[in-house]
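Colleague: I'm new to this one. Could you pick a part and take me through it closely?

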Amino acid sequence: MDLENFSSKLLQEAVDEFAKLPGIGKKTALRLVLHLLNRDQEEVNQFGNTIIKLRNEIQRCRSCHVISDGELCPICADNNRDHSTVCVVENSRDVMAIESTHQYPGIYHVLGGIISPMDGMGPGDLNIQSLEEKVEAGQVNEIILALSTTMEGDTTNFFLYKKFRNHPVRITTLARGVAIGDDLEYADELTLGKSIQNRTLFENTLSSQ
Amino acid sequence: MLLKSLFLTHFKNYRQAEMEFSRKVNCLVGPNGVGKTNVLDAIYYLSMCKSYLNAVDQQNIHYDEEFAVLQGRFERLSKKESIYCSIHRSKKKQIKRNKKDYQKLSEHIGLLPVVMISPVDSVLISGGSEERRKYMDRVISQYDKDYLDKLIRYNRALTQRNRLLKEFARSGYFDTDSIDIWDEQMIQLAATIHQKRRSFTDELIPVFQRYYHTISGARENVGLAYRSQLHEDDFRKLLTQAIEKDRVLQHTTVGTHKDDLELTIDGHPIKKAGSQGQQKTFLVALKLAQFEFIQKVKKIPPILLLDDIFDKFDHQRVDQIIQLVSDQHFGQIFLTDTSEQRVKELLVDRQTDYRLFRVSTGGQVEQANN
Ligand SMILES: [Zn+2]
């Protein structure tokens, strides 16, 4: 759609911004912008301010790296949770997916990605050092590797296994109820909940892979 | 298993075509270039989620259209299967089985087995080793999902490892730990790939030789041998030995991605030592052996697609082939030929149920008998 001929440059700029969002084309962007223009000024101000505030004030939990409002996320701050069991995931979305199963009493560790040379991601780009520190401080009894079952997820799991296998820590992985290649995000809550409860020792999965 | 009807929209040169098929033999006749082969390719597509002839999906869409749709009504183990496939210029292709989407295309492969025999098969003899690996992969994937899954993962790990080697060369920094984790994945996956390729070829060879001798009536000795670096040594050891070379060349020089099939006649490479007729017989025998193999594993006869195979064969070999495939254990057959007369003569005394379709310019299809 050609908006160059539109009477308003402001309109055009707003449409361009919306069209940068994933899954939003120019047509949808125009519809959204026109919709906002029909709303009360106050309502639109709030919409804008919410996003600005979100971007400016959001933090990463200093312990587990999940997206958080404060320095420490509510999960890490919760003394009723089992702090000796750490579930390693790729991103904050995975934390939300596992939390929604209500089956997991431990804490998390967000890697911030997985190893993939094609995407320029190496072990050094991931939050591995802080996990190492936790393990070396003797705070951790069990590490649950809950990365996606893609080639890159498996490889990252293996990297972490190699790194921690000589530490006095149990290394487990989700039971493969989740179909191969599925990301955690797409696994349904029931399957995901079960696969956390029925986790297996990582080394047992190595030869049968 | 059989295909009862096919409906094409904007597929290659067909704007729209609908065909109802015979349970046994279906012949598409017409001059060269009218699109007879495209009907066979559409059937292949509905089975394998890709064209046999054209790797670029978008090129299978009619040149002035945005999308193509293929629909087939199949009957498999007495159950109706309705397969829908759409190819878009700007969207991912979609395959549906009985109106239900597949999560992954690989789930569909193997449900409706097919075997295509086509003039382009000659690349198996004339082409590089990747053509022969592709051949093994296509066949084994049709009956073994675990193989397909591991093959996809192996190729992914290989790509990542090669990328890492390039990155090392660029940065001048080498890190054994980073390479090791990919090696480890590849070693496990290659073990399965190697073992499954070996057992496939072991079983295929005697069947292939039997078909060759039936068609040719001659006594020459034909051979088919699976070659792999992994026959010689442990893959882990090969990777360790090759690492310096890999670093210099910036890609992985050992593994099952270097496997090959050796095709011979009387002990010599068929590419050099075989006549044109021998080479063609070799390929047909290979495909018929593949047919028998898939049928044995899947317990259903694949659909057989014969593209222009009577061309360049003498009358006696054509007769042998037709006799072979009209046999009970072959199921539904689709064939193309330029001569309606030849096809009629071949089929008329055999008491085989058949349908004849005349294809003309612009993708017009007309059913010519009953
Ligand atoms: Zn936290």
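A sheet, then where the chains meet

Modeller: In chain A, five strands make an open sheet with mixed pairing, in the order 4-3-5-6-7. Strands here are DSSP runs of E, at least two residues long, and helices are runs of H or I, at least four, all numbered from the N terminus. Keep in mind that this is a predicted model, where local features need pLDDT of at least 70, side-chain atom pairs count only at 80 or more, and totals for chains, interfaces and linings use all residues. Residues are numbered from 1 along each chain as its sequence is written, with chains lettered from A and ligands numbered from 1 in the order written.

At the edges of the sheet sit strand 4 (106-110) and strand 7 (200-201) of chain A, each pairing on one side only. Strand 7 pairs with strand 6 (residues 170-173) of chain A in the antiparallel sense, over two bridges; pairing takes at least two DSSP bridges. A:T173 has A:T200 in strand 7 as its bridge partner.

Now for the meeting of the chains: 16 residues of chain B are in contact (C-beta atoms, placed from the backbone, within 7 Å) with 13 residues of chain A. On the chain B side, helix 4 (145-171) and helix 5 (176-216) each supply at least two residues, and helix 4 gives the most, with nine.

Helix 7 (residues 151-164) of chain A and helix 5 of chain B have axes that come within 9 Å and cross at roughly 120 degrees.

Conventions:
Two residues are in contact if their C-beta atoms, placed from the backbone, lie within 7 Å. Axes are lines fitted to C-alpha atoms, for helices over the stretch in contact, and angles run from 0 to 180 degrees between N-to-C directions.
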